[in-house]
Amino acid sequence: MMRPCRSVLYVPAANARAMEKARSLPADAIIFDLEDAVTAAEKVPARDLLAKALLQDFGPRVRIVRINGMDTEWAEGDLRAFGRAADAVLVPKVARGADLDRVIARVPGAPLWAMMETPEGMLNAAEIAAHPQLRGMVIGTNDLMKELRARFRPDRQPLMAGLGLCLLAARAHGRVIVDGVYNAYQDEAGLRAECEQGREMGFDGKSLIHPAQLAIANEVFAPTEAELDLARRQIAAFDTAVAQGQGIAVLEGQIVENLHVEAARATLAMAEAIALRAE
Ligand SMILES: CC(C)(COP(=O)(O)OP(=O)(O)OC[C@H]1O[C@@H](n2cnc3c(N)ncnc32)[C@H](O)[C@@H]1OP(=O)(O)O)[C@@H](O)C(=O)NCCC(=O)NCCSC(=O)C[C@H](O)C(=O)O
Ligand SMILES: [Mg+2]
């Protein structure tokens, strides 16, 4: 069964109220953040809050814990506490496959996600995506912009080379890939435009920082009615062609091949998975 990842909400692990609230929010996945959203003074108390929160039921939401960087004093404790307590561990600032080996040495077999947010990480995206324990990638556009010394542009042109490398790597190895956050969380039009761009590029969803961003990401990363209608008609046209002994169908002047039917079936399966979540 497909698992939608349209909306992936960061929730600071130091904020008990926000973690409680996340249990009823329409997020496909939640990142409980021990890294950037938590001050040094709160790192250890946040672990206790998070341990308590994870005892609660989060329903179908994928529960991902972002630990502190492996070179920090907190990483060992984070992994001891959460290496197996959630659905996956999200490792920040992954630069190469060996960074994931260091995590796996402490929690063998744990499902991992990687933050893709450094120039080195982008250049090694294929090696990172190939790691056998990796399940998903999350783009960290804030860190990447900082490292690149780039200027914010609505079209995100400075980021395109890195985003493209990560998308290629994730798709080559069958991993989920989630776009970076949109910082201006009250700017709905800006968020929608960035979600549309990410959807067109092939991302599975958007990482988010505020509940107000959920509805737009859920809408944009779900198949549209027009896409569903086309998918059904492509499958029907192809089935008819096959029944007539042909390997290619023509629908409204465009060819429909096996590969289009595969994509059409994936679109319908995603819509079904989304509908099941809404029940
Ligand atoms: C940005 C915020 C600090 C704003 O918080 P606040 O002022 O409390 O917002 P509101 O008053 O509008 O909140 C309304 C209610 O919603 C709850 N809330 C707010 N944010 C969240 C959330 N993320 N998850 C769950 N619930 C949330 C509030 O508690 C209010 O609830 P109620 O009491 O019922 O009214 C805040 O949104 C925030 O902290 N966001 C997360 C920031 C974060 O995690 N940042 C780190 C990750 S981003 C990043 O670094 C990515 C990557 O590494 C990179 O490099 O790019
Ligand atoms: Mg970051």
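**A guided chat about strands and a ligand shell**

Visitor: Which residue of S5 stands opposite Val89?
Guide: Leu112 in S5 stands opposite Val89. Please note that this is a predicted model.

Visitor: How many bridges pair S4 and S5, and in which sense?
Guide: S4 and S5 are paired over 3 bridges, in the parallel sense.

Visitor: Through which helix does the chain cross from S4 to S5?
Guide: The chain passes through helix H4, residues 97-106, and this β-α-β crossover is right-handed.

Visitor: Which way do the residues of S4 point, and are they buried or exposed?
Guide: In strand S4, residues 88-91, Ala88 and Leu90 point one way while Val89 and Val91 point the other way. All of these residues are buried.

Visitor: Which strand do 3 bridges join to S7?
Guide: That is strand S6, residues 134-139, which runs parallel to S7. The bridge partner of Gly136 in S7 is Val176.

Visitor: And how many bridges join S7 to S8?
Guide: There are 2 bridges between S7, residues 176-179, and S8, and these strands run parallel. Val178 stands opposite Gly205 in S8, and Asp179 stands opposite Lys206 in S8.

Visitor: Which helix belongs to the β-α-β unit with S7 and S8?
Guide: Helix H9, residues 188-201, belongs to that unit, which is right-handed.

Visitor: How many bridges join S1 to S8?
Guide: S1 is joined by 3 bridges to S8, which covers residues 205-208, and the two strands run parallel. Ser7 has Lys206 as its bridge partner in S8.

Visitor: On to the ligand. Which residues come nearest to ligand 1?
Guide: There are 23 residues around ligand 1, and Tyr10, Ala37, Gly140, Asn142 and Asp143 come nearest. Strand S1 (7-12), helix H1 (16-22) and helix H7 (141-148) are the elements that give two or more residues to this shell.

Visitor: How do the residues of that shell divide?
Guide: The shell around ligand 1 holds 12 nonpolar, 5 polar and 6 charged residues.

Visitor: Where does UniProt place the feature "binding site"?
Guide: The unreviewed UniProt entry places the feature at Glu117 and Asp143.

Visitor: Where does Glu117 lie?
Guide: Glu117 lies in the loop that runs between strand S5 (112-116) and helix H5 (119-123). Glu117 has 24 other C-beta atoms within 10 Å, so it is buried. Setting aside neighbours within four places in sequence, Glu117 is in contact with Lys93, Ile139, Gly140, Asp143 and Leu144.

Visitor: And where does Asp143 lie?
Guide: Asp143 lies in helix H7.

Visitor: Why does Asp143 count as partly exposed?
Guide: Asp143 has 18 C-beta neighbours inside 10 Å, whereas a buried residue needs 20 or more. Apart from neighbours within four places in sequence, Asp143 is in contact with Lys93, Glu117 and Thr118.

Visitor: One more residue, please. Where does Ala13 lie?
Guide: Ala13 lies in the loop between S1 and H1. Ala13 counts as buried because it has 30 C-beta neighbours inside 10 Å. Not counting residues up to four places away in sequence, Ala13 touches Phe32, Asp33, Leu34, Val38, Ala46, Leu49 and Leu50.

Visitor: Finally, which residues does the UniProt domain annotation cover?
Guide: The annotation "domain: HpcH/HpaI aldolase/citrate lyase", from an unreviewed UniProt entry, covers residues 6-211. Over residues 6-211 the chain is 39% helix and 19% strand. The end C-alpha atoms of that stretch are 13 Å apart.

Key:
Residues numbered from 1 in each chain as written. Chains lettered and ligands numbered in written order. Predicted model: local features only at pLDDT ≥ 70, side-chain atom pairs only at ≥ 80, totals over all residues. Near = placed C-beta within 6 Å. Helix = DSSP H or I, 4+ residues; strand = E, 2+ residues; numbered from the N terminus. Nonpolar A, V, L, I, M, F, W, Y, C, P; charged D, E, K, R; others polar. UniProt positions renumbered as here; feature names shortened; annotations may be inferred. Buried ≥ 20, exposed ≤ 12 C-beta atoms within 10 Å, placed from the backbone. Contact = placed C-beta atoms within 7 Å. Pairing = 2+ DSSP bridges. Right-handed = clockwise from strand over helix to strand, strands pointing away.
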